[in-house]
Number of protein chains: 2
Amino acid sequence: MTRESKKTADASGPLGFAHHDHGACVSDALEAAEVRCAADGLRFTPVRRKVLEILLQEHRALGAYAILDKLREDGFGSQPPVAYRALDFLVLNGFAHRIERLNAFIACVHPSETHTPAFMICRLCDAVAETQSSPARGALGDAARASGFRIERTVVEAEGVCPACVDKAEA
Amino acid sequence: MTRESKKTADASGPLGFAHHDHGACVSDALEAAEVRCAADGLRFTPVRRKVLEILLQEHRALGAYAILDKLREDGFGSQPPVAYRALDFLVLNGFAHRIERLNAFIACVHPSETHTPAFMICRLCDAVAETQSSPARGALGDAARASGFRIERTVVEAEGVCPACVDKAEA
DNA sequence: AGCCTCTATGTGATTGTATAACATTACACA
DNA sequence: TGTGTAATGTTATACAATCACATAGAGGCT
């Protein structure tokens, strides 16, 4: 049992905190990934495909060991490196993101465009929504330029309460 | 030996990537912490003081186990909770920050003012500089308002190359 | 002083996260 | 068909974080 097992997954859960056709959402994303890998000469192997599928099942971040549990169920290797290597591939190529705050991973909602993602993390239900940010504009960018720091990547993660849990709390 | 031991600490290292009188920097900060704890009725105990001193020694983020090693050298308890409890206290009261990207901790450079810190992390020398950000203004804030997400705290961490390492790389 | 309570510390054990190191297999392609 | 490279499998281990429980001190109170 890993940490994630404590919360029950809601297959019709929030995407950007909004409901949608989740089955199509998953299969569309898998197919899109397949197409892009073919186009870019990337190898979309069974483990990588399975890990992406696992992540797509829920719009929440999953820890590596939760993923590992599911890989085992499907007969894949179940040692940590198996999951971490697939995750590295997915993150590197923009199919998934790492949520630093949670030491966990989530499928990207628009893998095609290159982007600087930002995340909103609900501390009550663990739902995670992806959005855009441009932190390099604004105070952070100014400070970097002033000091000579060369920004290569930024992590922007907001912790708070998602709309569904706000409603629940006020009910 | 823990991970941090691999890199040699530079006692005259960068603060916001700029040189300064580090001895005074440490003792001033400790004294300021002492004063503020007295004023706010907080107990600035020996362990907490020592952990803050350890963090102040270098403008880098230290992992909990690196801190633990140093605590042991000074005769304090050396089990993980000793460090984590002191770190919880320091973070809660604004004397230190947690760097999510590194699962590590760093002393705050201006503990007096309440602030939304942002960090610049050098991936080559591990130096970390603290600055300000206002992520809730801008795209992230717009997205939060649009979806009804209530932001309570934001993590902003930029990864890149610090001025010193940029110079080294170009030399 | 003595007592009480609450906070902080010490310690052992356990769980979760991540990587190093190395053997093996699958694939691309000359 | 051999050969180099990328991907996978497996063991072991390092690092991060928390639980549970025992003990010690600080401060308030009579």
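You're looking at a predicted model, where local features need pLDDT of at least 70, side-chain atom pairs count only at pLDDT 80 or more, and totals for chains, interfaces and linings use all residues. Residues are numbered from 1 along each chain as its sequence is written, while chains are lettered from A and ligands numbered from 1 in the order in which they are written. In brief, chain A has 6 helices and 5 strands, it superposes on chain B with an RMSD of 0.2 Å, and 22 residues surround DNA strand C.

**Chain A on its own**

- Chain A has 6 helices and 5 strands, taken as DSSP runs numbered from the N terminus (helices are H or I with at least four residues, strands are E with at least two).
- Reading from the N terminus, the order is α-α-α-α-β-β-β-β-α-β-α.
- With a radius of gyration of 17 Å, close to the 16 Å from the globule rule for 171 residues, chain A is as compact as a globular protein of that length. The radius is taken over C-alpha atoms, and the rule is 2.2 Å times the number of residues to the power 0.38.
- Along the principal axes, the C-alpha atoms of chain A fill a box of roughly 50 × 50 × 30 Å.
- Of the 171 residues in chain A, 36% are buried (20 or more other C-beta atoms within 10 Å of the residue's own, with C-beta atoms placed from the backbone).
- Take the contacts in chain A with a separation of 6 or more: 56% of them join residues 24 or more positions apart. A contact here means C-beta atoms, placed from the backbone, within 7 Å.
- Helix 1 of chain A (residues 22-40) has 19 residues and spans 27 Å from first C-alpha to last, close to the expected 27 Å; that expectation is 1.5 Å times one less than the number of residues.

**How chains A and B pair up**

- In chain A, Val156(A) has the C-alpha nearest the axis, 2.4 Å from it.
- Both copies use the same surface, with 100% of the contact residues of chain A recurring in chain B.
- Each side counts 35 residues, from chain A and from chain B. On the chain A side, strands 3 (117-122), 4 (128-132) and 5 (150-161) and helices 5 (139-147) and 6 (163-170) give two or more residues each.
- Strand 5 of chain A brings the largest share of that side, 12 residues.
- The chain A side divides into 18 nonpolar, 10 polar and 7 charged residues. Nonpolar covers Ala, Val, Leu, Ile, Met, Phe, Trp, Tyr, Cys and Pro, charged covers Asp, Glu, Lys and Arg, and the others, Gly among them, are polar.

**Around the DNA**

- DNA strand C is surrounded by 22 residues, and the closest are Gly63(A), Pro80(A), Thr45(B), Gly77(B) and Gln79(B). Near means a C-beta atom, placed from the backbone, within 6 Å.
- Helix 4 of chain B supplies the largest share of the surface near DNA strand C, 5 residues.
- DNA strand D also has 22 residues around it, the closest being Thr45(A), Gly77(A), Gln79(A), Gly63(B) and Pro80(B).
- Helix 4 of chain A gives the most to the surface near DNA strand D, with 5 residues.

Conventions. A residue is buried if 20 or more other C-beta atoms lie within 10 Å of its own, exposed if 12 or fewer, and partly exposed in between; C-beta atoms are placed from the backbone. Two residues are in contact if their C-beta atoms, placed from the backbone, lie within 7 Å. Copies are superposed by least squares on the C-alpha atoms of residues with pLDDT of at least 70 in both.
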